[in-house]
Amino acid sequence: MIPFFKNQSLAIDLGNNTTRMTDADNILYSQSSCIVFDSKKSVKAIGDEAYKMFEKSHRGFQPVKPLKGGVIADYDSATAMIQKMVSVVRANKSRFSGFGQIVSGIPYSTTEVERRALRDALDLLGPRKRYLLFEPIAAALGMGINIEQPEGKMIIDIGGGITEIVILSLSGIVAFQSTKAAGDAFDTLIQDYFRRQRGIIIGSQTAERIKLKVGSVLYDLNPEPSPEVVSGKDIKTGIPVSYTIGHREIAGVLSRAFESIERCAQNVLETCPPELAADIYKNGIYVTGGGALIQGVKARLESSLQVPIYIDPTPLESVSRGASLTLKNPQRYRSVLV
Ligand SMILES: Nc1ncnc2c1ncn2[C@@H]1O[C@H](COP(=O)(O)OP(=O)(O)OP(=O)(O)O)[C@@H](O)[C@H]1O
Ligand SMILES: [Mg+2]
């Protein structure tokens with residue numbers, strides 16, 4: 001059992017697709033950012049169990065993904081989801097008497113209204129102190145990058161709802177761009193491709209599975225992933241059909257989305273001060289977030305941006321690892337906690 005003491009601190013990465021909760025040392029929760037209500041508006045399921053019910057439930061259930069584009073889109077569902085997840089985390093914690101500090105990641109490209117929605121949602125948990133931490137900074141800390149030096153460090157976080165591209169120096173964000181070209185958009189592109197080019201309607205979970213299995217941004221991969229058999233419905237007849245798709249077709253589908261990420265990265269490099277750009281050309285660019293796991297990302301970005309690319313080996317956890325680091329040493333990271 002994970003030890004939980006009085007005034008427990010909590011780091012939250014309320015991701016578009018996955019919510020992760022950690023204390024200073026342990027991962028306490030990591031499941032889909034989903035909630036399902038029943039017809040009486042009671043919570044029927046949260047997390048991975050709720051995700052499995054999407055596109056498979058009847059009218060009696062209302063499945064909700066409360067985050068869109070990496071921010072809270074449905075406040076009531078988001079607060080219900082967070083509270084239920086926290087209650088799972090603190091179940092069986094007899095010595096628990098409330099939260100000390102809560103640190104939560106938030107995309108940098110958020111409005112004050114979006115930030116306030118997250119603050120209000122966290123305040124419902126009754127912490128003594130509550131901080132927000134910009135996700136690209138958390139990701140950099142989680143990757144073990146020293147962000148305190150007067151030296152440019154460039155991060156690309158390809159998440160589920162948003163891709164954020166930043167240059168950091170002296171613990172601050174010097175240049176920044178974001179795009180919606182991220183995991184959810186990749187899934188939609190795959191669904192559109194099947195509908196338009198193959199005449200097959202597939203669900204979003206099937207599209208995500210295709211991306212995970214044969215997702216690629218390069219035509220030539222070595223070794224090549226095995227093709228994936230996909231089931232869907234024929235657009236004209238409605239009859240169930242199957243189709244076998246390989247990574248080359250997906251590389252074509254995802255190409256435009258990656259062009260948008262590359263354009264943003266180029267803009268960030270162009271708009272940052274020249275000394276920092278020189279640092280990036282020397283130090284390279286760090287890529288994290290679930291999109292970093294798509295095959296061929298390193299080679300494609302190296303060829304388009306002409307800069308060394310480092311792929312985070314555990315890109316799904318960098319933000320929560322970074323947020324948890326700030327819990328361990330709040331004095332040191334005071335300047336990045338908002
Ligand atoms: N092996 C993989 N290959 C390709 N994509 C993947 C892989 N594993 C996860 N993903 C995708 O990564 C995305 C989730 O990444 P991540 O957990 O970084 O996002 P998030 O933090 O929930 O979202 P955001 O940062 O936008 O709020 C999803 O779209 C998921 O489908
Ligand atoms: Mg994220």
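**Ligand, sheets and domains**

Modeller: By class, the shell around ligand 1 holds six nonpolar, 13 polar and three charged residues. Here Ala, Val, Leu, Ile, Met, Phe, Trp, Tyr, Cys and Pro count as nonpolar, Asp, Glu, Lys and Arg as charged, and the others, Gly among them, as polar. This is a predicted model, in which local features need pLDDT of at least 70 and side-chain atom pairs count only at pLDDT 80 or more, while totals for chains, interfaces and linings use all residues. Residues are numbered from 1 along each chain as its sequence is written, and chains are lettered from A and ligands numbered from 1 in the order in which they are written.

Biologist: How many residues surround ligand 1, and which are the closest?

Modeller: A residue is near a molecule if its C-beta atom, placed from the backbone, lies within 6 Å of it. The shell around ligand 1 has 22 residues, and the closest are G15, N16, G159, G183 and G290. Helices (H or I, at least four residues) and strands (E, at least two) are DSSP runs, numbered from the N terminus.

Biologist: Which domains does the shell around ligand 1 draw on?

Modeller: Domain bounds come from an automatic or database domain assignment. For this chain, the assignment gives domain 1 (8–138 + 318–336) and domain 2 (146–311), and the shell takes at least three residues from each of them. The C-alpha centres of the two domains lie 25 Å apart. Their contact takes 19 residues from domain 1 and 21 residues from domain 2, where contact means C-beta atoms, placed from the backbone, within 7 Å. On the side of domain 1 that touches domain 2, β7 (67–68) and α4 (135–142) each supply at least two residues, and α4 has the largest share, three residues.

Biologist: In what order do the five strands of the open sheet lie?

Modeller: Strands of a sheet pair through backbone hydrogen bonds, either parallel or antiparallel. Two strands count as paired if DSSP finds at least two bridges between them. The order here is β3-β2-β1-β9-β10, with mixed pairing. β3 (27–32) and β10 (129–134) stand at the edges with a single partner strand each, so one side of each is left without a neighbour in the sheet. Strand β2 (residues 18–22) runs antiparallel to β3 and is joined to β3 by five bridges; T19, for instance, has Q31 as its bridge partner in β3.

Biologist: Which helices lie across these strands?

Modeller: Axes are lines fitted to C-alpha atoms, for helices over the stretch in contact, and angles run from 0 to 180 degrees between N-to-C directions. Helix α2 (residues 75–89) lies across β2 and β3, at about 140° to β3. Helix α10 (residues 318–328) lies across β1 (8–14), β2, β9 (99–106) and β10, at about 155° to β1.

Biologist: What is the order of the open sheet of three strands?

Modeller: The order is β5-β4-β6, with antiparallel pairing. Its edge strands, β5 (43–46) and β6 (61–64), each pair on one side only. Three bridges join β4 (residues 35–38) to β5, and V36 has A45 as its bridge partner in β5. Helix α2 packs on this sheet too, touching β4, β5 and β6, and its direction makes about 70° with that of β5.

Technical notes: Two residues are in contact if their C-beta atoms, placed from the backbone, lie within 7 Å.
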